[in-house]
Amino acid sequence: MSLVSFPENFTPDIALADAFLRNAAAHLDGADWAADLGRHNAALHAIAIAIELLLKSHLLRTATDDCWNRRHIGHDLGKAALYAERAGLGLPPRLHSVIAQLHPHFQRGGFQRDPSRSWPSGFSLDARHIARRLAQTLTEHERRANDARCS
């Protein structure tokens with residue numbers, strides 16, 4: 001997968017990054033609700049959206065703007081993860097593995113077209129834990145960045 005350089009002129013979009021974080025948290029809560037009802041396909045769809053929002057939130061704070069993300073990442077979870085890593089975000093172990101399983105289905109709209117798809121046993125729970133760890137990692141990263149700015 002080829003990656004392009006980040007934009008040379010960049011202004012952080014904190015308001016949009018914060019909105020993405022709030023939206024991601026809502027999707028993770030929805031994933032919990034869906035999984036509790038045994039609707040693992042719906043839970044995994046919410047998790048895929050949350051992962052995309054979390055990764056792009058980091059990029060909006062550190063390296064890109066929304067137009068750049070739309071042009072160079074779109075809904076490609078793998079690219080979003082690689083760009084977020086390049087922008088200094090340490091990703092949770094196994095996030096790339098979750099993305100590898102979710103992304104092909106997410107990219108071709110399979111969550112809407114194939115709502116009865118079955119997933120490996122326990123995958124929904126594992127994916128939720130990893131996505132929540134990503135959210136926690138992002139929060140910790142932002143806290144450290146704020147502390148550094150205030151020092």
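Reader: Is R61 buried or exposed?

Author: R61 counts as buried, at 13% relative accessibility. Buried means under 20% relative accessible area, exposed means over 50%, and partly exposed lies in between, with a 1.4 Å probe and protein chains only. This is a predicted model, in which local features need pLDDT of at least 70, side-chain atom pairs count only at pLDDT 80 or more, and totals for chains, interfaces and linings use all residues. Residues are numbered from 1 along each chain as its sequence is written, and side-chain values use heavy atoms, with hydrogens and water left out.

Reader: Which residue forms a salt bridge with R61 at 2.2 Å?

Author: That residue is D18, and 2.2 Å separates the closest N and O atoms. A salt bridge is a side-chain nitrogen of Lys or Arg within 4 Å of a carboxyl oxygen of Asp or Glu.

Reader: And where are D18 and R61 in the chain?

Author: D18 is in helix α1 (residues 14-36) and R61 is in helix α2, so the pair links distant parts of the chain, 43 residues apart. Helices are DSSP runs of H or I with at least four residues, strands are runs of E with at least two, and both are numbered from the N terminus. D18 counts as partly exposed, at 28% relative accessibility.

Reader: What about E142 and R61?

Author: E142 also forms a salt bridge with R61, with the closest N and O atoms 3.7 Å apart. E142 lies in helix α7 (residues 123-150) and R61 in helix α2, so this pair ties together parts that are 81 residues apart in sequence. Both E142 and R61 are buried.

Reader: How many salt bridges are there in the whole structure?

Author: A search of the whole structure finds nine. One of them joins E140 and R133, whose closest N and O atoms are 3.8 Å apart. E140 is partly exposed, with a relative accessible area of 24%, and R133 is partly exposed at 36%.

Reader: Changing topic, where is S57?

Author: S57 is in helix α2, which covers residues 40-62. S57 is buried, with a relative accessible area of 0%.

Reader: Which residues is S57 in contact with, leaving aside neighbours within four places in sequence?

Author: Those residues are A17, F20, L21 and L138, where contact means heavy atoms within 4.5 Å.
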